[in-house]
Amino acid sequence: MIEENKEKEISIAFIGDIVGRPGRKIIKANLERVVEEHKIDFVIANGENASHGFGLTVKNANELFNCGIDIITGGNHSWDKKKDMITLLESKPVLRPDNYPEGVPGSGVKIVEIGNVQLAVINLMGLYTMPQVLNPFNHILEIVEKLEKDNIKHIFIDFHAEVTAEKRILMQLLKGRVSAICGTHTHVGTDDQEITDGTYYVTDIGMTGCRDNVIGMESDIPIKKALTGLGGHFNVPNNCKSIMQIAIIKIDEDGKSNDGFKIKIYDDKEEVISHCIVN
Ligand code: FE2
């Protein structure tokens with residue numbers, strides 16, 4: 001009986017904001033091994049910065065799919081390579097935040113089959129400092145109600161938001177009703193992983209890319225902007241110290257998370273694992 005239930009448990013992995021070539025490179029070097037070692041069934045990744053820090057091209061999306069990523073989520077930079085993004089939204093498992101207004105291409109919800117389990121992957125965007133979108137809290141309640149009616153219990157949300165409080169609000173609003181909520185966008189990982197009422201939560205998973213600069217971008221322009229108010233185009237460095245940040249979440253047959261941990265891989269060498277508290 002225990003064995004039978006075990007078979008129904010799924011392991012999903014989520015990779016934080018992939019920034020440019022260094023991000024893609026460290027994934028290529030490590031993802032296959034991590035998937036094998038931790039018996040991961042399905043890999044989700046935020047890819048809105050994967051093409052030189054701004055947007056996602058068809059070429060780079062295919063590169064990520066070939067590394068073992070199953071679905072790519074987005075955020076405020078989803079439209080930076082607009083033509084490619086529209087092609088991807090129409091032809092590939094690529095999501096953009098679902099709370100864009102009606103009529104915007106693509107979707108932020110996809111239901112995938114993992115063995116005999118249906119998993120809903122949802123991409124949502126916050127409000128503060130973000131493009132104008134529909135209220136994410138009202139929007140997600142409608143989606144979750146519909147999924148519950150359809151008896152879909154396995155629900156993953158990538159909440160792309162600037163403000164920590166918005167992310168905590170979403171967790172308090174949905175705990176016990178969804179399997180996992182992972183924050184993205186700030187590029188800085190937080191150390192507050194928890195499972196409450198079967199919902200895995202982390203405020204921000206943190207980026208995958210260059211770590212010795214300003215959130216994945218060369219430091220010179222951001223410093224100049226901070227000192228003078230004058231901007232310029234941000235660049236992803238060619239050479240840097242890199243990091244890959246990945247959350248691994250175990251979800252039981254009822255859609256409840258029962259274990260979760262995060263792996264940080266530094267420069268393809270050192271690996272740090274941190275476990276979450278189960279409340
Ligand atoms: Fe973002």
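Two strands count as a pair when DSSP finds at least two bridges between them. Keep that in mind as you explore these views of a predicted model.

**View 1. Strand 11 and its partners.** Strand 1 (residues 10-15) pairs with strand 11 in the antiparallel sense, over six bridges. Look for Ile15, whose bridge partner in strand 11 is Ile246. Strand 10 (residues 209-210) also pairs with strand 11 in the antiparallel sense, over two bridges, and here Cys210 stands opposite Ser242.

**View 2. The hairpin of strands 11 and 12.** Strand 11 and strand 12 (residues 257-266) run antiparallel and are joined by nine bridges. Find Ile243, which stands opposite Tyr266 in strand 12. Five residues lie between the two strands of this hairpin, and Gly255 in the turn has a positive phi of about 85°.

**View 3. The two sides of strand 11.** In a regular strand the side chains alternate between the two faces of the sheet. Ser242, Met244, Ile246, Ile248 and Lys250 point one way, while Ile243, Gln245, Ala247, Ile249 and Ile251 point the other way. Because 10 of the 10 residues of strand 11 (residues 242-251) are buried, the strand is largely enclosed by the rest of the structure.

View 4. Glu48 (OE), Asn76 (OD1), His160 (NE2) and His185 (ND1) lie 2.0 to 2.2 Å from the iron ion. The four donor atoms subtend angles of 84 to 161° around the iron ion, so the arrangement is irregular. Glu48, in the loop between strand 2 (42-46) and helix 3 (58-66), and His160, in strand 6 (residues 154-160), are 112 residues apart. Glu48 is buried, with a relative accessible area of 2%, and His160 is buried too, at 0%.

Conventions:
Residues are numbered from 1 along each chain as its sequence is written. This is a predicted model: local features need pLDDT of at least 70, side-chain atom pairs count only at pLDDT 80 or more; totals for chains, interfaces and linings use all residues. Side-chain values use heavy atoms; hydrogens and water are left out. Donors are N, O and S atoms within 2.8 Å of the metal (3.2 Å for Na, K and Ca); water is not among the atoms, so sites may look incomplete. Four donors count as tetrahedral if all angles lie between 85 and 135 degrees; four count as square planar and six as octahedral if opposite donors are over 155 degrees apart and all others between 65 and 115; anything else is irregular. Helices (H or I, at least four residues) and strands (E, at least two) are DSSP runs, numbered from the N terminus. Buried means under 20% relative accessible area, exposed over 50%, partly exposed in between (1.4 Å probe, protein chains only).
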